[in-house]
Amino acid sequence: MTHKTIAVLVLLAIVGSLLAACGAGRPEPTAVTVQLSWLHTVEFAGFYAAVAQGYYAEENLDVTLLPGAYDIMPWVEVSEGRADFGIAGGDSLLIARASGFPVRAIGTIFRINPVAFMTLADSGIARPEDMVGRRVGIISPAWDNTNDIQLRAMLQRVGVDESSMDFVLIEDYSYGSLTSGAMDVYSGFVQNEPVQAQMDGVDVNLIFPSDYGVLFYANVIFTRDDMVAERADVVERFMRATLRGYRYAVEHPDEVSALALQYDNTLDLAFQQASMLAEIPLIDTGDAPIGWMDEEVWQSTQTVLLQQGLLAAPVDLMTFYTNRFVETAQ
């Protein structure tokens with residue numbers, strides 16, 4: 001064996017050792033599963049941005065985003081360990097906590113709730129009092145979903161008797177429920193039906209429960225108690241990357257809207273872009289960091305749920321939600 005050959009072999013051995021050392025110092029990414037509250041749309045843009053921009057990878061996380069469906073309850077999936085994090089409405093999460101599910105709210109996508117009651121612009125219905133004598137759309141006869149709960153709370157706030165109007169079950173989940181004459185008030189979300197109406201040139205009025213002191217969070221990010229207690233580093237890394245993704249999303253709405261189509265290519269890009277623009281003021285309110293939760297909102301939600309008999313007793317809010325991970329993500 002020549003001196004040259006020996007030198008090459010020694011060099012290769014050194015390079016191999018260095019590569020092995022580098023590999024040994026780089027742990028495998030932590031696998032994280034997120035159960036979304038609904039099908040893939042731009043309302044989850046921050047997650048898409050965190051994946052596309054490499055924010056999760058920088059935190060050494062391998063994140064899987066699972067779409068939701070009518071029969072998937074995110075708090076069940078997270079509580080039973082099929083997902084590490086989930087997205088759900090604040091009212092549903094409070095009820096789940098009261099029912100024994102070990103869920104902990106760690107941030108919110110929408111600081112302002114997107115629920116809105118929509119009427120045609122020429123209907124003369126621009127406030128809750130104008131609903132008297134009209135046909136008002138509801139989602140469930142049990143009044144146990146966030147839209148109907150907020151509708152009932154809003155009517156009570158302004159002193160409007162429910163018996164003064166006719167409630168109609170919504171069958172067509174679009175502004176077509178109004179233009180067809182099926183009802184005079186439609187229950188929807190500001191980033192959905194009103195956006196489509198605007199794109200189609202249909203003028204509508206929007207009535208927001210939040211304008212009448214009914215404060216709920218939508219699309220709350222949550223995990224399990226044991227994740228907070230035993231894997232706080234994973235929760236911190238996940239929230240840091242996710243909120244970074246949402247900050248990117250509000251600054252690049254068109255770009256992140258296109259990302260949604262990578263998860264569902266049947267989505268309409270123009271609608272996703274318009275929807276994202278409608279979401280930005282709900283996500284980034286300017287008075288607190290993106291993701292931050294206010295005690296006033298949780299107290300408001302709990303009060304409404306107690307009044308409507310959806311909670312039998314108050315939940316200890318201090319053990320139910322925390323802004324700890326939003327703070328460390330800034």
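How many positive and negative side chains does the chain have, and how far apart do the centres of the two sets lie? There are 18 positive and 43 negative side chains, with centres 9 Å apart. Here Lys and Arg count as positive and Asp and Glu as negative, while His and the chain ends are not counted. Each charge is placed at NZ of Lys, CZ of Arg, CG of Asp or CD of Glu.

Before we go further, a word on the model: it is predicted, so local features need pLDDT of at least 70 and side-chain atom pairs count only at pLDDT 80 or more, whereas totals for chains, interfaces and linings use all residues. Residues are numbered from 1 along each chain as its sequence is written, and side-chain values use heavy atoms, with hydrogens and water left out.

Let us start with the overall picture. The chain holds 15 helices and 10 strands; these are DSSP runs numbered from the N terminus, helices being H or I of at least four residues and strands E of at least two. Along the principal axes, the C-alpha atoms fill a box of roughly 100 × 45 × 35 Å.

After α2 comes G54, with a positive phi near 80°.

Most residues other than glycine have a negative phi. W143, however, has a positive phi of about 55° without being a glycine. You will find W143 in the loop between β6 (135-138) and α6 (146-158), where W143 is buried with a relative accessible area of 8%. N219, also not a glycine, has a positive phi near 55°. N219 belongs to strand β10 (residues 218-224) and is buried, with a relative accessible area of 8%.

Finally, follow the chain to helices α10 (residues 232-251) and α11 (residues 253-263). Their axes come within 5 Å and cross at roughly 115°, which means that α10 is roughly perpendicular to α11. Axes are lines fitted to C-alpha atoms, for helices over the stretch in contact, with angles from 0 to 180 degrees between N-to-C directions; roughly perpendicular covers 65 to 115 degrees. Y248, A249, V250 and E251 of α10 make the contact with P253, E255 and V256 of α11, contact being heavy atoms within 4.5 Å.

Technical notes: Angles under 35 degrees count as roughly parallel, over 145 as roughly antiparallel, 65 to 115 as roughly perpendicular and the rest as oblique. Buried means under 20% relative accessible area, exposed over 50%, partly exposed in between (1.4 Å probe, protein chains only).
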